[in-house]
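Hello,

Here is the structure I promised to pass on to you. Have a look at it first, and then read on for what turned up.

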Amino acid sequence: METTLLTVNNVWMMICTGLVFLMHLGFSLLEIGLTRQKNTVNILFKNVFIISIGIILYTVIGFNLMYPGSFIGGVLPDYFIDLFGLSLPENGLGPEYADGGYTYWTDFLFQAMFAATAATIVSGAVAERVKLGSFMIFTIIYVGIIYPIAGSWKWGAGWLDELGFYDFAGSTIVHSVGGWAALIAVWLLGARLGKFKKDGSVGAIPGHNLPFVTAGVFLLWLGWFGFNGGSVLSAEPGATSLVLVTTSIAAASGGLAAFVTSLMKYKQYDLSMFLNGILGGLVGITAGADMMSITDAIVIGAIAGVIIVLGVALLDKLKLDDPVGAIPVHLLCGIWGTLAVGIFGDLAGVGQFLNQLIGVAAVGVFCLISAFIILKVLKSTIGLRVSEEEEREGLDIHEHGMDAYPDFRTNEH
Amino acid sequence: MKKIEAIIRKSKFNEVKEALHDIEVNFFSYWDVTGVGNEKQGHVYRGISYSTSDIQRRYLSIVVSDPFLDRTVEAICKSAYTGNVGDGKIFVSEVIETYRIRTKEKGPDSLK
């Protein structure tokens, strides 16, 4: 009987793994759609690199770094046993492993799919001007080391977990980790040419394919069923179905709130804001998807949607150029979602709110500092940014010698 | 013989084509063009307003024998008209000679 349950649980977890994998296609489409045609190959290349290197890095060191298993003196992760590579533990394929929720192999692959997400978030924010080599080096260090360490604090049963910090599927542990790095990267890189003009006005650099953006967001929404649904860590019927419901509701209300906010602010039905709002709602509900009531999910999503529109405007005001809205979506809504666990739902309370705040701040400081060091070193050695000529003519031709659509290269976009 | 070049709204192309057909002007070439003009199109992208002066139009090139000139111009003026700024322009110029490649006919006969 126990093995039957394990089989069912494990199948669900593998489906979720596949759904999270699909999110990488969603991110790819979202990013190329919101940027210009001349940089499409470059962005796709980065996304393909991230998932490939991400899985290898997670195999080599990430998984063990994130889930140390035991702690020296209860605090320091014990990395002295099996830091490198995968080795099937005793009972790793039986019901004793992870309370029969999944096997060791499923555990690894599900988490590996998550790991690459953090770098994908950065990829969108730095699009259209980052040097490919520098970005790849950054990705290797950030996904290979920084993400697993931050993750171990909570999901690896580290000190934040001890403290009572709650982050169900990673509003902070995944999305903010990517978001903080995106913020630093955008700041160190500077804006794309033409984004902030000499007269102080802000230039619009329209993305080249809104149908791709839409397809990307629908894929991400679908993928989130795996991202949050799988974070139940079994196929437990009540929890998984509730999580799928709260996830969808927050996505829907996030999108609606963003479109209404942008309509009131700009008198336009802005599709890109609507779509970003959906993602904001998804990121927002991620920290507490299993703790929220239906009403909570609506409110959390709606506030996330408003944050998106105001966040995009705020970044423009601060002269930070984030072509795809990665910072509002993953950082701001990640913070919001994490704090929301202390305000709404089963865990709400002052103590919990403070724990959430500590978690947000600790991960924030750690990510800001490490991203700053990595990117600063890259900037002062091989450089972060492509030449002006390359930026104008497109990274596709200069870095890759390719056009995304060779038959349709009609203008500077 | 005259060459009539007309820049018209893309949305009016089918009406113009039919109007030309009605007066038996059945042969002409056209292509899509982008121009710059006084008409500005307002856009908003992620909260940033911007306008572009790039205007999308269709360019028709029609060569007719002299008796067809007036009615052709009239047909285009009538069918391409909306009354708003940006309806387009018509240019008429002299054509020195025309040839039909297949038969080597020249002059107005080659236009039939």
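Let me begin with the nonpolar cores, each a set of buried Ala, Val, Leu, Ile, Met, Phe, Trp, Tyr and Cys residues joined through C-beta atoms within 7 Å. The largest one has 122 residues, and those with the most contacts inside it are Tyr142(A), Ala182(A), Ala185(A), Leu220(A) and Leu282(A). Its largest share, 13 residues, comes from helix α3 of chain A, residues 104-125. Apart from it lies another core, of 15 residues, including Leu60(B), Ile62(B), Val64(B) and Ala80(B). Buried here means that 20 or more other C-beta atoms lie within 10 Å of a residue's own; exposed means 12 or fewer, partly exposed is in between, and the C-beta atoms are placed from the backbone.

Before going further, please keep in mind that this is a predicted model, in which local features need pLDDT of at least 70 and side-chain atom pairs count only at pLDDT 80 or more, while totals for chains, interfaces and linings use all residues. Residues are numbered from 1 along each chain as its sequence is written, and chains are lettered from A and ligands numbered from 1 in the order in which they are written. Helices (H or I, at least four residues) and strands (E, at least two) are DSSP runs, numbered from the N terminus.

Back to Tyr142(A): leaving out residues up to four places away in sequence, it touches Ala118(A), Ala119(A), Tyr147(A), Ala181(A), Ala371(A) and Ile374(A). A contact is counted if the C-beta atoms of two residues, placed from the backbone, lie within 7 Å.

Another residue to look at in chain A is Phe45(A), which has its place in helix α2, residues 40-66. Phe45(A) is partly exposed, with 19 other C-beta atoms within 10 Å. With residues up to four places away in sequence not counted, Phe45(A) touches Leu132(A) and His400(A). From Phe45(A) to Ser28(A) there are 17 residues in sequence and 9.4 Å in space, C-alpha to C-alpha.

Further along chain A, helix α10 (residues 294-317) has 24 residues and reaches 35 Å from its first C-alpha to its last. That is close to the 34 Å expected at 1.5 Å a residue, where the expected span is 1.5 Å times one less than the number of residues.

Now to the backbone angles. Most residues other than glycine have a negative phi. Which residues of these chains take a positive one? Just after α10(A), Lys319(A) has a positive phi of about 60°. Asn91(A), although not a glycine, has a positive phi of about 65°; Asn91(A) lies in the loop between β2 (76-77) and α3 of chain A and is exposed, with 12 other C-beta atoms within 10 Å. For Lys267(A), phi is positive and near 55°. Lys267(A) sits in the loop between α8 (237-266) and α9 (271-286) of chain A, and is exposed, with 10 other C-beta atoms within 10 Å. In chain B, Arg46(B) takes a positive phi near 50° in the hairpin of β2(B) and β3(B), which has two residues between the strands.

- β2(B) and β3(B) (residues 48-64) run antiparallel and are joined by 13 bridges. Asp32(B) has Arg58(B) as its bridge partner in β3(B), and Val36(B) stands opposite Asp54(B).
- β1(B) (residues 2-8) and β3(B) pair over seven bridges, again antiparallel; Ala6(B) has Leu60(B) as its bridge partner.
- β1(B) and β4(B) pair in the antiparallel sense over seven bridges, and Ile7(B) has Lys89(B) as its bridge partner.

Is β2(B) buried or in the open? Of its 17 residues, the number buried is zero, so β2(B) lies largely in the open.

Best wishes

Methods:
Two strands pair if DSSP finds at least two bridges between them.
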